[in-house]
2 protein chains.
Amino acid sequence: MTDTRWLDDDEQQTWRSFMTASRLLFDGIERQLQQEAGLPHAYYEILVRLSEAPQRTLRMSDLATTSLSSRSRISHAVARLEENGWVRRKPCEHDKRGSLAELTDAGLAGLEAAAPGHVETVRRSLFDALSPEQVAALRDISDTLVVHLAGEPVWPAAGDPAAGER
Amino acid sequence: MTDTRWLDDDEQQTWRSFMTASRLLFDGIERQLQQEAGLPHAYYEILVRLSEAPQRTLRMSDLATTSLSSRSRISHAVARLEENGWVRRKPCEHDKRGSLAELTDAGLAGLEAAAPGHVETVRRSLFDALSPEQVAALRDISDTLVVHLAGEPVWPAAGDPAAGER
DNA sequence: GCTAGTTAGTTGAACTCTCAGTTATTGAGA
DNA sequence: TCTCAATAACTGAGAGTTCAACTAACTAGC
């Protein structure tokens with residue numbers, strides 16, 4: 001192992017500040033969703049993905065891939081959402097190994113009920129705090145990191161402007 | 001409730017990109033630490049805090065506050081670290097309600113063993129990907145957000161340059 | 001010195017996530 | 001056709017976090 005490339009003082013402060021900011025931001029979002037909708041953010045995101053998919057339906061593995069989740073996590077999560085009646089499982093026609101998750105009407109209603117509070121929290125926590133230049137820089141930095149860490153942009157650009165941030 | 005201030009297309013893409021980048025980054029750091037040091041990042045951070053404190057000792061509640069954690073979380077975490085022999089609990093003199101957590105020699109050794117791999121991961125994942133301008137912008141954005149969300153900078157500026165990012 | 005309210009810390013239950021192991025299915029090659 | 005590695009999904013155990021409930025100790029006001 002070669003010598004460690006330690007962080008200098010500036011880098012360390014940047015790293016710690018970034019960690020702190022991220023934690024405050026995401027913890028706040030997590031708490032808001034949990035309290036007002038009774039959902040972890042990861043589950044909310046599953047609902048969003050399904051709502052944006054054709055027939056409100058996605059294969060479990062696609063759900064895992066696009067959500068940056070493991071299959072196992074999706075499996076547990078969908079099981080819970082299914083208990084709530086927000087998602088329904090269906091067998092996959094072409095590939096009998098697979099199964100599909102479909103957002104139910106109740107699930108869509110739940111999502112639409114949860115969305116305003118969530119979006120408001122995102123706006124207040126993030127966009128209200130930053131100047132347009134900072135928002136642009138954040139976008140640039142994030143895109144760079146996603147390419148660096150995943151090899152490509154992950155969440156496909158939003159197709160439906162009317163959907164807002166769900 | 002007034003009308004929801006939905007995110008426009010640009011904002012939504014910024015938000016999703018930022019979420020994706022953060023998740024990729026922090027998941028990677030979590031995984032690296034878990035695999036190579038057998039520690040969650042939150043526990044690593046507790047060790048760092050203790051290592052930087054006078055007498056390598058902090059009160060539980062100070063640990064909670066500076067780590068942006070709940071008392072409960074610290075309590076569980078210290079219990080686990082104590083089992084490993086990396087932290088020792090001591091009663092607090094002035095305030096008999098309180099208790100102190102002290103980093104043991106074994107804990108310091110463990111931290112020093114874990115640090116290089118962790119720092120290398122942070123550097124490769126974050127700093128290697130960004131230009132100096134992007135790093136400066138990230139620092140600026142993060143500081144802004146921390147003030148916005150916490151009311152003040154949280155993690156005190158690193159006091160010990162030789163400590164590197166531990 | 002009492003009392004009420006606050007603060008410090010712990011604990012257990014419920015929930016989520018990860019990891020490893022299992023089953024069923026598919027598809028490529030002998 | 002048969003075999004076997006790869007894939008899709010599920011499952012259960014273990015670990016960490018959250019939340020509410022609880023004990024103990026401090027503190028301000030009377």
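Helices are DSSP runs of H or I of at least four residues, numbered from the N terminus. In this predicted model, local features need pLDDT of at least 70 and side-chain atom pairs count only at pLDDT 80 or more, whereas totals for chains, interfaces and linings use all residues. Residues are numbered from 1 along each chain as its sequence is written, and chains are lettered from A in the order in which they are written.

His118(A) lies in helix α5 (residues 105–127) of chain A. With 22 other C-beta atoms within 10 Å, His118(A) is buried (20 or more such atoms, C-beta atoms being placed from the backbone). Beyond its neighbours within four places in sequence, His118(A) is in contact with Gln32(A), Leu33(A) and Tyr44(A) (C-beta atoms, placed from the backbone, within 7 Å). Ile29(A), 89 residues away from His118(A) in sequence, is 7.2 Å from His118(A) in space, C-alpha to C-alpha.

Between the chains, 53 residues of chain A are in contact with 53 residues of chain B. On the side of chain A that touches chain B, at least two residues each are supplied by α1 (9–37), α5 and α6 (132–150); the largest share, 16 residues, comes from α1(A).

The axes of α6(A) and helix α6 (residues 132–150) of chain B come within 10 Å and cross at roughly 120° (axes are lines fitted to C-alpha atoms over the stretch in contact, and angles run from 0 to 180 degrees between N-to-C directions).

Terms used. Buried ≥ 20, exposed ≤ 12 C-beta atoms within 10 Å, placed from the backbone. Contact = placed C-beta atoms within 7 Å.
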